[in-house]
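Please keep the structure open while working through them.

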Amino acid sequence: MAGRRLKLAMAGGGEGAFIGGVHRMAAALDGDWQLVAGAFSSDPARNRRTGEQLGLDPARVHDTLDALLADERARPEGERIDAVAIVTPNHLHAPMAIAALDAGFPVFSEKPMAMNLAEAQAIAEAARASRRLYALAFTYSGYPMVEEARARVARGDFGRVRLVHVEYVQGWLSSPLDREGNKQAEWRTDPARAGLGGALGDIGTHAFQLAEHVSGLTVEALSADVTTHVAGRMLDDDVNVLLRFAEGARGTLRATQVAAGEENGLRIRIHGEKGGLEWSQMEPNTLTLRWLDRPAEIVRAGGPGLSPTTLPRLRTPSGHPEGYIEAFGNLYRAVAGSLRDDAPTGGALGEPDWFPGLESGLRTMAFVEAVLESARSDEKWTVFPALAD
Ligand SMILES: NC(=O)c1ccc[n+]([C@@H]2O[C@H](COP(=O)([O-])OP(=O)(O)OC[C@H]3O[C@@H](n4cnc5c(N)ncnc54)[C@H](O)[C@@H]3O)[C@@H](O)[C@H]2O)c1
């Protein structure tokens, strides 16, 4: 921690939730944040219990985010929260983010940014009008070896990039879990709570953000095939996309949640004129480099040869594995740094206080809409929509 400890409020993340607990661990990791307030659940009893389990002052645990924001605004500045983490299902991301921003509080939201592009644009408007920070939990850009990959591509190690292949392959929705009481599956397959995309919005957005972030390139057109394999499911569970980048590179993106037996298989490969790299989320401390004219290399977290921008994202020496919580922790630390410096849009790429925000959010939501438009269209290519930001 460098500087004062910031006060965090959380919307969502009640008993039995998945990602709220991860946020709490990540926020606490470096001592930058203290959770002081929450509206953890739409169920008041569950909400109170969660507040008690976390040892919070009951006066700062509220049944709704609106009540929480009103209470916080009424508190003196030194006591008031510094940011709100939004870790609810997707349909609440936009209304909650806009309410927090309008009330003058910075936001760290879960992805996808919103249900659709129009909602994402409304959040961006609110962030600009309030001049408050808006960060998005594109977790994978917080991994040290993702930063290493990005830095090596950016400094031209592989020459001009020709190929970008990204896949996010899960198997947990291979059966209709959503109809068997699995809470996480239930809302993810319900268009009213998940938004326009199923696997597309849930993990396709992660893959897209990672592809543009690591390659430094911009998708300009795509051609998509979108499928629902599990009978009765209302949203996609399998997406295959060809990508054309403005800079001339070509690529593919796969996102599926019905690859039976697969866990959390996010993998990216990028190739330029002289060689390429590969990073896989389930082996996050290894970056593999391959060369046209020499043997492959393995670059390891904490090992020799790392870029200066990777080092601040590591906490342990080589061979002491860091992973998912630490990647999230890097985003929380970046957000804390930007808030202390009063820099609502964060630092430059590579700097310790860079974090994914409005631009990543708007582009990923535009991606969701372009993929669905392409899947409906008979045209081979769908042009990626131009975005103001
Ligand atoms: N960045 C990542 O790697 C990552 C991973 C998993 C989930 N997510 C995202 O996190 C979000 C939550 O996913 P999850 O799997 O934790 O879902 P979950 O169903 O496990 O948890 C959602 C929580 O929100 C609460 N909630 C619902 N309505 C509420 C309301 N009106 N007020 C307050 N709380 C309310 C629920 O009670 C629950 O505690 C989703 O947007 C998802 O896309 C991101």
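## The ligand and its shell

The shell around the ligand in this predicted model is made up of 14 nonpolar, 11 polar and 5 charged residues.

**Exercise 1.** Determine how many residues surround the ligand, and name the closest.

*Solution.* Collecting the residues with a heavy atom within 4 Å of the ligand gives 30 residues, the closest being Ile19, Asn90, Thr139, Gln184 and Tyr324.

**Exercise 2.** Identify which helices each supply at least two residues of the shell, and which gives the largest share.

*Solution.* The largest share, 4 residues, comes from α7.

**Exercise 3.** Find polar contacts to oxygen atoms of the ligand, taking pairs of N or O atoms within 3.5 Å, and state what percentage of the ligand's area the protein buries.

*Solution.* Begin with the side chain of glutamine 184, where an N or O atom is 2.5 Å from a ligand oxygen atom. Finally, of the 860 Å² that the ligand exposes when taken alone, the protein buries 92%.

**Exercise 4.** Explain why the ligand can be said to lie between two domains, and state which pocket it takes up.

*Solution.* Domain 1 (6–139) and domain 2 (142–316 + 358–383) both contribute residues to the shell, and therefore the ligand lies between them. The space that the ligand takes is the largest pocket.

Note on methods. Residues numbered from 1 in each chain as written. Predicted model: local features only at pLDDT ≥ 70, side-chain atom pairs only at ≥ 80, totals over all residues. Heavy atoms only, no water. Polar contact = N/O pair within 3.5 Å; in protein donor to acceptor, adjacent residues only side chain to side chain. Areas by Shrake-Rupley, 256 points an atom, 1.4 Å probe, with all protein chains shown as cover. 1 Å grid on protein atoms, 1.4 Å probe; cavity = no way out; pocket = protein on both sides within 12 Å on 5 of 7 lines; lining within 4 Å. Sits in = over half its atoms within 2 Å of the grid points. Nonpolar A, V, L, I, M, F, W, Y, C, P; charged D, E, K, R; others polar. Domains from an automatic or database assignment.
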